[in-house]
Amino acid sequence: MEIKVIGAGCEKCGKLYENVQDAIKKAGCEAEVERVEDLIEIVKLGVMTAPSLMIDGKLVISGRVAKTSEIVKLLK
Amino acid sequence: MRGWDFFQNQILGMKWLNEVIGSGLSAIGLHISNRWTGSIQFFLYDVIKITILLCFLIFLISYIQSYFPPERSRKILGGFHGIWANMIAALLGTVTPFCSCSSIPLFIGFTSAGLPLGVTFSFLISSPMVDLGSFMLLMSIFGWKVAIVYVVLGLVIAVAGGTLIEKFHMEQYVESFILSAGKVDIESPDLTQKDRFIYAKDQMVSTFQKVFPYILIGVGIGAVIHNWIPEVWVEQILGDNNPLGVVLAAILGVPMYADIFGAIPIAEALLAKGALLGVVLSFMMAVTTLSLPSMIMLRKAVKPKLLGVFIAICTVGIIIVGYFFNFIQPIIL
């Protein structure tokens, strides 16, 4: 599973990253987590809001901090 | 109009709360004619009133905003041209959720989709300046006439500002990496009703936590002004006697940032002490629209000249609106 936490570095983006780490532990799955903070990279992905979450290339969370429980559901 | 007056005074203004607090304080032996007690009453009343309004408004607005993610706004705007596009952009800016770290991805997203620069700027100007929250808040503090004029004028500034930027052909001042980015069509995830309620609730809680200290500070300053600052001081600098009050307010307000919920109690108190309506409102507009963090963010997407023009247009617009409000104060308040 390839996970991208997208956000240009405000505290919300940090929170989402934390929640993703928590969720991976709770769900007990294998995942590669990448933080996309570079504006050019964010542009290339076509994302317009922060923080956002992409799992295997699909945008699942757009512009908000999702709770750990919600992310766990998405990982399954 | 009696039904509306009741709504205005008791539901939005919660005047009954002021009475309750006053009675409560008297019951424990403090008289509201006393300066200290007057301050305490004002403090408690304003903090509770603003907190309740904040929670209710943020919840309602976040719910509405969950229907307008930027991806959808971008699609909608693609279908409009000319000044209509600017107007729709200004309106959409009002209902789109906005966090300053989203402003750059959003700017890029709009530009790479081929939306004209002016349209993107109309969106960027109206987003922080005019929003449902300030509308309802203004309605509860200053009355519906002020609220509607404020929103209309804010939208006018947004449309005019965006159109001007386009007329000046400032596309060359956008950072090159943005212009070379291709458009990526991305669908934002669909939300169920339950998702929307959870989102609205989360926004309400996080905004409350973030803003509550500012409410306390704002109301504190308001209480000091209310009971301790002589009217004469306020009138001299911010009232009829100073024709430059609006300019002063705008220039002071631009580099500052305060949440609107914190700025309102200060504005309320100054108004009661004889400051002109326009001075107070232009200060509020300046303080919420432009802020150092968002300017720093925007600088990543546009070159200094365009940024300068953006700031100048907003400031001038705010000043003009301020004088207009001063002018219509007798009819509107």
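Predicted model: local features only at pLDDT ≥ 70, side-chain atom pairs only at ≥ 80, totals over all residues.

**His169(B).** Is His169(B) buried or exposed? I found 9 other C-beta atoms within 10 Å, so His169(B) is exposed. I placed His169(B) in the loop between helix H9 (144-167) and helix H10 (176-179) of chain B. Its phi is positive, about 50 degrees, although His169(B) is not a glycine. Most residues other than glycine have a negative phi, which is why I stopped to write that down.

**Asp56(A).** I looked at another non-glycine with a positive phi: Asp56(A), at about 50 degrees. Asp56(A) sits in the loop between S3 and S4 of chain A. With 10 other C-beta atoms within 10 Å, Asp56(A) is exposed.

**A peptide bond to flag.** I checked omega between Ala50(A) and Pro51(A) and got about -5 degrees, a cis bond. Most peptide bonds are trans. Pro51(A) belongs to the loop between H2 and S3 of chain A.

**Chain A, the whole.** I listed three helices and four strands. Read from the N terminus, chain A goes β-α-β-α-β-β-α. How does the radius of gyration of chain A fit a compact globule? For 76 residues such a globule would have a radius near 11 Å, and chain A has 11 Å, so the two agree. I put a box around its C-alpha atoms along the principal axes and got roughly 30 × 25 × 15 Å. Of the 76 residues in chain A, 46% are buried. I also looked at contacts between residues at least 6 apart in sequence: 72% of these join residues at least 24 apart.

**The sheet in chain A.** I traced an open sheet of four strands in the order S2-S1-S3-S4 (chain A), with mixed pairing. Which strands stand at the edges? They are strand S2 (32-36) and S4 of chain A; each has a single partner strand, so one side of each has no neighbour in the sheet. Ignoring direction, neighbouring strands are turned by 25 degrees against each other on average. I followed strand S1 (residues 2-6) of chain A and found that S1(A) pairs with S2(A) in the parallel sense over five bridges. For Lys4(A), the bridge partner in S2(A) is Glu34(A). H1(A) packs on the sheet and touches S1, S2 and strand S3 (52-55) of chain A. The direction of H1(A) makes about 155 degrees with that of S1(A).

**Where the chains meet.** I found 22 residues of chain A in contact with 22 residues of chain B. On the chain A side, the elements giving two or more residues are helix H1 (11-27), helix H2 (39-45) and strand S4 (58-61). H2(A) gives the most, with six residues. I sorted the chain A residues of this side by type: 14 nonpolar, five polar and three charged.

**H4(B).** In helix H4 (residues 70-78) of chain B I marked Pro70(B), Glu71(B), Ser73(B), Arg74(B) and Leu77(B) as buried. Seen down the axis of H4(B), these fall within an arc of 160 degrees, so they line one face of the helix. They pack against helix H5 (82-95), helix H6 (103-112) and helix H7 (117-129) of chain B.

**Ile141(B).** My last stop was Ile141(B), in helix H8 (residues 132-142) of chain B. Ile141(B) has 20 other C-beta atoms within 10 Å, so I wrote it down as buried. Which residues does Ile141(B) contact, leaving aside neighbours within four places in sequence? They are Ile264(B) and Glu268(B). Ile141(B) and Ala267(B) are 126 residues apart along the chain, yet their C-alpha atoms are separated by 9.7 Å.

Definitions and conventions. Residues numbered from 1 in each chain as written. Chains lettered and ligands numbered in written order. Rg over C-alpha atoms; globule rule 2.2 N^0.38 Å. Buried ≥ 20, exposed ≤ 12 C-beta atoms within 10 Å, placed from the backbone. Contact = placed C-beta atoms within 7 Å. Nonpolar A, V, L, I, M, F, W, Y, C, P; charged D, E, K, R; others polar. Pairing = 2+ DSSP bridges. Axes fitted to C-alpha atoms, helices over the stretch in contact; angles between N-to-C directions. Arc of directions from axis to C-beta.
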